[in-house]
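Hello,

Here is the structure we talked about handing over. My notes follow below it.

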Amino acid sequence: MIASLAAAGAVSCGALSVAALKARDRLALSRAKHPSLTGHARIARLVAARVPYYEFAGEQFFASDDAPPDVALRRRKGFSDLAQHYAERFPRTRELTGQARTGLSDLQFTSAYRVPFQYTRFVGRHLGVGTFLQSSSGVTVTDLDGNVFYDLAGSYGVNLLGYDFYKDCMQRGAAEVHPLGPVLGAYHPVVAYNVSRLREISGLDEISFHMSGTEAVMQAVRLARYHTGRSHVVRFAGAYHGWWDDVQPGIGNPVPARNTYTLTDMSERTLRVLRKRRDIACVLVNPLQALHPNAAAPSDSSLVDSSRSAGFDRDAYTRWLHALRTVCTERGIPLIFDDVFMGFRLAPGGSAEFFGVRPDLVTYGKTVGGGFPVGVLCGKADLMRRYRAEHPADICLARGTFNAHPYVMAAMAQFLQRLETPEVRRLYDNLTETWDARAQWLNRALANENLPVRVANLSTVWTVCYTQPSRYNWMLQYYLRAEGLALSWVGTGRLIFSLNYTEDDFAAVAERFLAAVRAMQRDGWWWTDASIATVPIKRRILREMLELRYPMAARLLARNGTRVSEPKSRLA
Ligand SMILES: Cc1ncc(COP(=O)(O)O)c(C=O)c1O
């Protein structure tokens, strides 16, 4: 009897200590999450599902921050001048965009999310942006009305070396593989060349080809899970790795990503979790996050105030990558660099060369396709193997009808060959210094004129920040377009330059940029008074939303001093 009680006591003590250990690990995991919504996917989705629609239209549009009538009038005049300019300059481009929108879901989405939703309808009605182009040349693109824009959209990062470069890669590549045509399954000899070049560039043993960056990342993670036998992928708060479920927890993905840990970038707490947990299959790093650690890709649709901040600290990020490398090696966790965006942009050997840290697997995409769609995975032989010699039925599948398509492979071969040429190598000379100097020059010019705008950059990838509280910063994208600068649908969140921008090209862009900022300031969008500050703007937006869902709570907030304009029109 006594013996069985003692045994029961021992069992419950054991169970308690297991529970305590589990609770400790759980707590460590929670502490390694970034405190923002970016670090809490589930809460972010819950919050997003409760944000009510409302809009500012008419007079409210110009004074949603309680600007006085004279300022609202200046804004109205500036807005209507812009609207007239758009109508006169972009008629054909806008007309086709309007026609195509009905049947083109992507276009409907991007049109809806160019600016914060409260302003979308009014802006869309008057400042509709055309999405069609007829040609590209040098660092410019031309729309259907013959307007020539400096291209700052960069084709989502594909355009690294200039559009003419890719046209040539595609044309010559197509001529080379024409005799074979679209034969799939068997390879054209250019594939063997690409494999050997990519092995040299990555310093890794094996290569697989995919149709997109997303697929390359999927395969990297799948292989890491297969070889480690562990379930969870670690990604860092805010990092983009494509739109596959496991790497996109939170807003945008209707199902929870149950096998993903989203941890804080550049944090000792994250290292602690990596040292302790036994369910981590891999760590995914997108080096672009070095520009804005723990924040999602900046887009003007979320630019509700001036809190967007960014800045690249090369030493700190390099130290972080070294620390990650060390802990991953100690714990046998494959370290994956997702270089789909930054690969070849910082250095010909990718982020690994730039930061001096070797991953176990690396993904490339975008520019490496020489103008065609592609995803590439390079890895150590033991991680790339898709079968086990000792258990032949236990395989790790990866397929894709169009993988290693001859036309894509041929354009890629052109890209990889030219990467070696002196002309292209010269483009990388002093690359970081050149673009840092350009950013600093523009920032000095902005500061000299007391303009409330600054840029931050990671080499040729730039983002625009705002130094003074305002609800209207997103208007800048429309002034920039009017000055002949083409931005992608995320607006001033991301400007992407190609390496072939000369000093003269850059000077022209800087001049137009300054002209746009001056015009926006003249039109009163940066009016502010002492009651407008970043925190009150966010609190005020919260109150606008509460007013629609929970009027009582909104009144309480109001008593705490947040002024708010009249209730907004609400859509049924
Ligand atoms: C770092 C990174 N990984 C993956 C992807 C997904 O690539 P794709 O759009 O070709 O699927 C992207 C796309 O922007 C990316 O930037």
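**Overall fold**

The protein's secondary structure comes to 21 helices and 14 strands (DSSP runs numbered from the N terminus: helices are H or I with at least four residues, strands are E with at least two). Its radius of gyration is 26 Å, close to the 25 Å from the globule rule for 572 residues, so the protein is as compact as a globular protein of that length. That radius is taken over C-alpha atoms, and the rule is 2.2 Å times the number of residues to the power 0.38.

This is a predicted model: local features need pLDDT of at least 70, side-chain atom pairs count only at pLDDT 80 or more, and totals for chains, interfaces and linings use all residues. Residues are numbered from 1 along each chain as its sequence is written.

Along the principal axes, the C-alpha atoms fill a box of roughly 80 × 80 × 45 Å. Buried residues make up 44% of the 572 (buried: 20 or more other C-beta atoms within 10 Å of the residue's own, with C-beta atoms placed from the backbone).

**Strand S4**

S4 covers residues 206–210, and four of its five residues are buried, so the strand is largely enclosed by the rest of the structure. S4 pairs with S10 (residues 375–379) in the antiparallel sense, over five bridges; pairing requires at least two DSSP bridges. His 210 stands opposite Gly 375 in S10.

**Ligand shell**

The ligand is surrounded by 14 residues (C-beta atom, placed from the backbone, within 6 Å of it). The closest are Ser 212, Gly 213, Thr 214, Gly 242 and Phe 341. Helix H10 (residues 213–228) gives the largest share of the shell, three residues.

Best regards

Note on methods. A residue is buried if 20 or more other C-beta atoms lie within 10 Å of its own, exposed if 12 or fewer, and partly exposed in between; C-beta atoms are placed from the backbone.
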